[in-house]
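User: Hi! Could you show me how to read a few features in a protein model, one at a time?

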Amino acid sequence: MSAFITFEGPEGSGKTTVLRKVFERLSNDYDVITTREPGGVRTGEAIREIVLEGDNMDIRTEAMLFAASRREHLVEKILPALDENKIVLCDRYIDSSLAYQGFARGIGISEVKQLNEFAINGRYPDLTIYLDITAEVGRDRILKNQRDQNRLDKEDLAFHEKVIEGYQHIIQETPERFAIVDATRNVDEVVTETYKIILNFLKKL
């Protein structure tokens, strides 16, 4: 059995924490790996440092670098794992580019989608978990947890509100792929619901 499952959401939604805890539960019964974007492989991690930790850059350059990282990640890690009948849990994928660069940056969802469809060659996730919070809650969590802030974290509140609006547009276009989880609750509740959603999905394969 193979499945490609992605985790999406605005900054501070808890994607990384929820993914890790769901992985711990799933790995008791399934062959599961975790990965992230940008990153996941050597080239992707190098691009991650450039786009998240560097200075401001042209928005189209940013979008193309994310797409390039995604292509390497897909062919080097995701597809081989799926060929080996593994379940892949990925922290962000194409929907992040559509929401952040396509909508919030103002390039256009359709334009960024076209660029990324060339990169992924039709390999969309089988299921996408969207962790739903407001921009205000996300910002408060980042500040409270005192985590290292990357360049996207430091964008203003209006930008992060646009990111969420972008995600809403994407979900409306392909609702059958998404499972929306209320991420304002405590992490154990969010993990339990997410785990149940994924487990039910896998049982249907």
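Analyst: Happy to! Let's begin with a term: buried means under 20% relative accessible area, exposed over 50%, and partly exposed in between (1.4 Å probe, protein chains only). This is a predicted model, where local features need pLDDT of at least 70, side-chain atom pairs count only at pLDDT 80 or more, and totals for chains, interfaces and linings use all residues. Residues are numbered from 1 along each chain as its sequence is written, and side-chain values use heavy atoms, leaving out hydrogens and water.

User: Is Arg92 buried or exposed?

Analyst: Arg92 counts as buried because its relative accessibility is 10%. Asn121, at 64% relative accessible area, is exposed.

User: What should I look for in the backbone?

Analyst: Most residues other than glycine have a negative phi, and most peptide bonds are trans. Here Arg92 has a positive phi near 80°, and Asn121 has a positive phi near 50°. A cis peptide bond, with omega about -10°, joins Glu37 and Pro38.

User: Which residues does Ile78 touch?

Analyst: Contact means heavy atoms within 4.5 Å. Not counting residues up to four places away in sequence, Ile78 touches Phe4, His73, Val88 and Tyr93.
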